Structure formats: C-alpha cells, structure tokens
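Thanks for coming, everyone. Let me put the structure up, and then we'll walk through it together.

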Amino acid sequence: MRRLLVLLLPLMASSALAQTQITTSIGQNQAATSIPIIVPRPDTTLPLDVYNRQFFAPFTRDLTYSGIFALTPYPPNVPIDAALAKQLKAQFILLTSIKVEGQEYVVEVRVIDTNNATQFGKRYRGTQGALTRMAHIIANDLVRMANGKPSVFLTQIAFASNRDGNFEIYLMDWDGGNQRRITQHHALSILPSWSPDNERMVYTSFFGGTSDMYIISRRGGARVKVRTGLNLNTSATFSPVGNDIAFVGSVNGNPDIYVVRDDSSNLRRLTTDSSIESTPEWSPNGRQISFTSGRGGTPQIYIMDAEGSNVRRMSFEGDWNDDATWSPTGEEIAYTSRVNGRFQVRVQNVATGQSRILAGEGSNEQPTWSPDGRWLAFQSNRSGQWQIYRMRLDGTDIQQLTFDGENKDPDWSKKPE
Amino acid sequence: MSKALKGFLCGLVLVALIAAPACRHKTTPVKPVTQPDTAASMTVPPVPTTTTVAPPPAITQPSDFVTETAPRVTSEELSTNIEEANRQAQLRGFIKDAFFGYDEAALGADAQSALTDSANWLKKNSQYNLLVEGHCDERGTEQYNLALGDRRANIVKQFLVTLGVDAGRIRTVSYGEERPFDPGHDEAAWAKNRRAHLVLVK
C-alpha cells in the first residue's frame, strides 16, 4: 500500500478545519457531538458499480460509523451549494471526484463550508486495486483532522475461516471488506494474534501433527515456528512491550501459562497450579496478564502480574468464563461469560469489578477490542454457523462481517494506522 | 446384575448369528458387531488376565479372550493402509476410545475398562505406536477446551503407561472442540464428542 501516494497538499490551509468548531470532544464510547455534513456522490465517469462498491459505499460507511460526522440527507437531483447546505443545517459539504490516469486512480477531496470557503483539500493517487483502501485512508484523514485522533478505518481483523476447507488464517478490513487468506497449511490453523506493531501474527497450527505456534508476517514471507518443547502451544499472544509471547503450554496434561521469546528462547512458566490454565492476555502496559483457570472448580478469569505473582480472581458471575481481553486503556476487560446456559460477551471494569452483559442471540464468544476502544468484534453462532460480528461497546450497531464458511477467533490489530 | 447377564446372553446369541458372516464380509454394520464387546467388558475384571469368562471364540472379541482357544489375532489381519487398519482395530475392539463426563478429565469405570483392553492389545502389537487425541463437546469455549482436551489425552496416556504400554510409543494431541465426532447439538452427540480417541500410527 506504500505505492499509494498523497500528492497535492492543502489547497488551502487544512488546519482551518480543526480550528473551527469542529474541534469536538469525543467520548471514549460515544460521540459527544457530530458534525452534520453533506456527502454527494463522487464526480466521476466510472461506472456506478465500480465507484460505489469500491469507493463510495465504504467511504460513507466509515464516515457514518465515525461517531464524528453525521451524514445529512439531501434532495436528489439538486445541485448542492453552500446556500442549500445552510438550509439543511449542514456545516460542510464533502466533494469528491475520481479520475483515471493511466493505471492509477486519482481521488480529489474538498471540504467546503456554508460560506463556500474551502476548508480542506487533498489529492490521493493509487493503483486501481487500492480504491477501497483510498476510501479508508481519506475517511481516516478527515476524522483525524476533526478529532485529532486516528480512526479504526485502517485497522485489520485477523480470524480463522474454513471457507476453503480446513480452518486457515485470514485478514479483513475493519468493515469486513477485503477478506483474504494468509496461511496455506491445509491443516487446522486457528487463534491468530497480532503483534503490537501490526507487522506479525502468531497463531496455532496442527499441520505438523501436533499443535505448534507459528509467526507469520502480514506482508508474507516464511513462517517461523516457535519451539517450546511443550504440548498444546495454544492461545498465543504477543506482549505489547518487547518480544515475548504468552501462551498455554502443557507437560503431562497440566496446561499452564508460559512465556517464550519470539526467537524460541527464554521459556518461563508463570503458573504452577495443578488445574487447567488457559487463554493468557497481556494488559496494554504489559505489566499484567489475565488468564482462565479451573482452580476454583469452574473456568474463571484471573489476573496476575506479568512475572506470575499476585494472582487474583476477576470473574464471579457465570459458571464458565474465558477469552478475557483488555481494553486499550487497560480499564476494562471483555470476556466470554456463560449466563443461563448461553455464552455472552461481558465487559467488566478491572478496578471496581462491575460488569455488564452485551446481550445478543445465540452464543457470543471471543471478544476483541478495536484499537480506539469503541468497538468489539466477536464470534456468534446466531445464524446457525459461527460468524464474526462487530458492535459498539453499548451493544448497538451490530454488523455481521463474515458470510463465507464458518469464521471465528477474531483478533483486532493493535495499532490504528 | 441379571440385566447385565441378560445383555451378555443376548450378545452371545448375536455373536452366534453374525460373527461368522462378519468374518467373511468386512462391511458388516458396526452396531451388531460391537454389542458383544460391550456386554463382555461389563462382566470382566478391569485387567483380564485369564480366560475364565469364555465367550465363543470370535473375531469380534479382544485378543486376550481368544489367545488360548483360537488362532491369535495379529496385526497381519489389519490392513497395511493405516487408516483402514484403524477402522478395523476400532471395529474389532482391539483399541477403544475413552469417554468423559462434562468438563471432566477423570476416567470412569467404562473408560478404564476400554483402555485396559486397548493396553493389552497394544502390548502385543508393538509394531504400532499410538496417538491419543483429546476431544471435547461444543458447550465450552474453544481455548479452554483445547487445554481440557490435552488433559484428557494425557490422563489416557498415563493410564496406558501404568498398564505397561511403553510411554515412548504414545503421543498426544488436543483438538478441543474442533473435530466433533457427532455434529449434533444434544446430549447424545456431546457424550460422543467428549472422548480420548485412540489412533494407531506406524
């Protein structure tokens, strides 16, 4: 994607936009205010199914879900001008055009206010296959400018899918677009987990006859086996600091939490209980690790310091809890919690212990946070098959992201850009 | 007890009825062939070292019961194709899977009996190594169930080793809930899926 060049910079001072009342304070979970904006169809000679499917649909979807912009409806077949925008109580008009130059697409974006003054202008150039990527980049730029913070539009979700036979590791854009397979093991391959720099993933594959951990680069290249000398090698997860991987290893049928460096060195055992331990996850600052243990009689969530000391139980409701994962601020954990015989996503404040259930149909498991902390992706069998969904932290705006085969084990990339 | 005896006698009749054709046709349905095994295993001590319970010599019996009275069942009768050999070994009861209770990895009486039979056969057929696969039903969570399956597989391995099977011959792997034997969503299916599955490997 580096071939995508941002060429012409501000037609006018782009900082002007940020200096107007657009500087909003966006809450962690909800938009405090949103900016009404009119977004007419692009000015282009491309066929509708190309520009709409590859650009305009994902672009307007991003803006709609941004929590920052509110798309103002406008009458069809009417030229949009500043006066009309004012009448419709919109603050801005977002004009786009798409041109083809040789093998490239050139997308020009202009934001004008109700006084017809250009507040932002930028030209983007990319290969034809990159049109959707350009839509996400432009939407991200607009959010960044209004909000000062990056969006989630450039993030990726890793997952496992059996659409081609065996479960293999796949990637998709945050909105479910651009789904592509990145492993070719022809054997059960599951539980991908991103590195903190978004460059690598660690996952478990059975293609060697046993379950082993492998590291693969997002940009391709050879996979690297992480050698531990232990059984299981599941639930692998990169430390947010350094090169450590926490995982579940087993000796003689006693699964425990271990840590190993990504070059297979410096293996350390963190738990020694005779019960089953599983599913480690680092806190965002790397100082704590949550995990699941059966030591209390049922699988429950515990937290320990990253060296294995100071273990305390976190979950007390539900008779089966697993899959804990930390919010980007470290203030909350989300996990799979069985309530009345059904698995639901529970979000719990780490300090107070207070929790809430995000209700949904079917079984809902393996939550994963977006890097901006405003979304959770998870897997649900509500359709009769395992599929990956995404929702806001209050359980609204649930969207199904996968449809082909069965899909599970979502893991949201850690960095926004 | 009388119920068990009844079942056993039924089994004997069934053996008489079907054992002979079963020798000739390898495509005999699974159910009638395995029924005598079940009846027999309920009436014998966990480690059968004698032939005091003497069912009629039939290919459907574990090799221990027939060593004195019938030509010894050797692996030569199993296919050289390892997958087919596994099918045959399961069908004839040479090796038997162990089943577990919900969220449990302890071996009940039935599981111990099945593994005792399996250990006896394995000790006499050292040309095979063994892979023990741990499986779980779908009602738990994927990650915890992978760990639970590991525990199940290793408890079975340790039991077999206690009965004299060389530990170096046994490898374990956990599939958690990834590979259910029965895709159903009821207790009958779940009971089948909570198992340690024994697989012969060369």
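Predicted model: local features only at pLDDT ≥ 70, side-chain atom pairs only at ≥ 80, totals over all residues.

Domains, then. The assignment for chain A gives domain 1 at 5–147 and domain 2 at 156–412. How far apart do the C-alpha centres of the two lie? The answer is 35 Å. The domains do touch. Domain 1 of chain A puts 7 residues into the contact, and domain 2 of chain A puts in 8 residues. Look at the domain 1 side of that contact. Helix 2 (48–65) and helix 4 (131–147) of chain A each supply at least two of its residues. By type, this side has 5 polar residues, 1 nonpolar and 1 charged.

Next, the open sheet. Chain A has one with 4 strands, in the order 27-28-29-30, and the pairing is antiparallel. Which strands sit at the edges? Strand 27 (364–369) and strand 30 (399–400) of chain A do, each pairing on one side only. Zoom in on strand 30 of chain A. Strand 29 (residues 387–392) of chain A runs antiparallel to it, joined by 2 bridges. In one bridge, A:Tyr389 partners A:Gln400 of strand 30.

Last stop: strand 31 of chain A, residues 407–412. Buried or exposed? Mostly covered: 6 of its 6 residues are buried. Its antiparallel partner is strand 8 (residues 156–161) of chain A, with 4 bridges between them. One pair to find on screen is A:Ala160 with A:Lys408, the latter in strand 31 of chain A.

That's the tour. Questions, please.

Notes. Residues numbered from 1 in each chain as written. Chains lettered and ligands numbered in written order. Buried ≥ 20, exposed ≤ 12 C-beta atoms within 10 Å, placed from the backbone. Pairing = 2+ DSSP bridges. Domains from an automatic or database assignment. Contact = placed C-beta atoms within 7 Å. Nonpolar A, V, L, I, M, F, W, Y, C, P; charged D, E, K, R; others polar.
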